[in-house]
Amino acid sequence: DGKGCYYISGNTWSSDSNVQSYNHGQGDRWIFKIDSLGNIIWERCFGGSGEDYPGGLRLLSDGNLISFGASSSSDGDVGINYGYLDVWLFIFTPEGEIVQSKVFGNNIHNNVHALVETRDGGFFFTSKGIPGGMIPSAGYHGGYDLWCVKLDRHFNIEGQKLYGGSYADDGLYGMKELDNGYVFLARTNSNDGDVTGFNGTPGQNNTYNIWVVRID
């Protein structure tokens with residue numbers, strides 16, 4: 001964090017030893033802050049009574065941090081679930097207090113692997129998605145598609161679209177904001193719609209290519 005400290009995000013089912021904060025049930029997102037010698041400065045379990053996965057962390061321009069990952073909880077720190085796993089984002093202070101939180105998704109498996117803070121102070125992330133609920137049908141080609149979402153600073157959706165082909169398309173780790181748009185990594189099981197050049201047999205189980213996408 002520029003001050004010799006580190007923030008680490010994991011998943012815990014524990015409530016003893018190093019995990020002294022309240023566990024909400026099943027797996028919680030456990031975030032802890034350590035100094036340069038590895039001593040715990042604070043630790044906290046974030047989540048609800050369902051499964052809350054560890055996700056990623058990013059230090060923000062205002063000194064706070066954002067945590068992003070999947071959750072099946074509908075209570076505790078999470079508050080709502082649209083079905084199975086949803087994208088759960090929250091911003092917390094360097095002292096571990098949540099200052100902003102929101103859930104995104106619908107009744108299928110939604111998860112977020114990569115997120116960036118944008119130059120206008122908002123956020124951009126990708127997830128797995130199909131139309132329904134808060135996810136529109138714009139760009140949908142079939143199967144699971146890649147759900148791209150632009151948020152403002154307060155987690156309001158400013159723009160969203162689905163990209164992909166007839167089969168399974170999903171997000172991966174790796175994303176960067178460009179001067180005009182974004183480039184990100186995904187994985188795909190398709191060779192139509194937005195996807196070309198697939199190596200192998202499209203639609204075959206567990207056969208994926210890495211898909212590099214640049215949008216304006």
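Guide: Start at Phe 104. Setting aside residues up to four places away in sequence, Phe 104 touches Tyr 82, Asp 86, Val 87, Leu 89, Asn 110, Phe 125, Met 134, Trp 147, Leu 151, Phe 155 and Ile 157. Contact here means heavy atoms within 4.5 Å.

This is a predicted model: local features need pLDDT of at least 70, side-chain atom pairs count only at pLDDT 80 or more, and totals for chains, interfaces and linings use all residues. Residues are numbered from 1 along each chain as its sequence is written, and side-chain values use heavy atoms, with hydrogens and water left out.

Phe 104 belongs to the largest nonpolar core, a set of 17 residues. Leu 89, Phe 104, Phe 123, Phe 125, Leu 151 and Phe 155 have the most contacts inside that core. A nonpolar core joins buried Ala, Val, Leu, Ile, Met, Phe, Trp, Tyr and Cys residues through side-chain atoms within 4.5 Å. Buried means under 20% relative accessible area, exposed over 50%, and partly exposed in between (1.4 Å probe, protein chains only). Strand 5 (65-71), strand 6, strand 8 (112-117), strand 9 (123-129) and strand 10 (145-151) each supply at least two residues of this core. A second, separate core has 14 residues, including Val 116, Leu 146, Tyr 163 and Ala 186. In soluble globular proteins, nonpolar side chains tend to be buried together.

Stay with strand 9. Phe 124 is located there. With a relative accessible area of 3%, Phe 124 is buried. Beyond residues up to four places away in sequence, Phe 124 touches Ala 114, Leu 115, Val 116, Thr 118, Cys 148, Val 149, Lys 150, Met 175, Tyr 182, Phe 184 and Ile 215. Take Tyr 182: 58 residues separate it from Phe 124 in sequence, but the C-alpha atoms of the two are 8.8 Å apart.

Now the rings. The structure holds 13 aromatic pairs. Rings of Phe, Tyr and Trp (its six-membered ring) pair if their centres lie within 6.5 Å; planes under 30 degrees apart count as stacked, over 60 as edge-to-face and the rest as tilted. Tyr 7 and Phe 92 make an edge-to-face pair, 6.4 Å centre to centre with 65° between the planes. Tyr 7 lies in strand 1 (residues 6-12) and Phe 92 in strand 6 (residues 86-92), so this pair ties together parts that are 85 residues apart in sequence. Tyr 7 and Phe 92 are buried. Trp 88 and Phe 90 form a tilted pair, 4.6 Å centre to centre with 40° between the planes. Trp 88 and Phe 90 are both buried. One aromatic cluster takes in Tyr 7, Trp 42, Phe 46, Trp 88, Phe 90 and Phe 92.

Two charges also sit over rings. The charged end of Lys 128 is over the ring of Tyr 144, 4.6 Å from its centre. The charged end of Arg 187 is over the ring of Tyr 208, 3.9 Å from its centre. The test requires NZ of Lys or CZ of Arg within 6 Å of the ring centre and within 35 degrees of the ring normal.

Next, the loops. Asn 23 is in the loop between strand 1 and strand 2 (28-34). Asn 23 is buried at a relative accessible area of 15%. Tyr 84 lies in the loop between strand 5 and strand 6. Tyr 84 is not a glycine, yet has a positive phi of about 55°. Its relative accessibility of 54% counts as exposed. Asn 206 sits in the loop between strand 13 (181-188) and strand 14 (209-215). Asn 206 is not a glycine either, and its phi is positive, about 60°. At 71% relative accessible area, Asn 206 is exposed.

Last, the whole protein. It has zero helices and 14 strands. Helices (H or I, at least four residues) and strands (E, at least two) are DSSP runs, numbered from the N terminus. For 216 residues, a compact globule would have a radius of gyration near 17 Å; the protein has 18 Å, which agrees. That radius is taken over C-alpha atoms, and the globule rule is 2.2 Å times the number of residues to the power 0.38. Along the principal axes, the C-alpha atoms fill a box of roughly 50 × 35 × 30 Å. Buried residues make up 50% of the 216.
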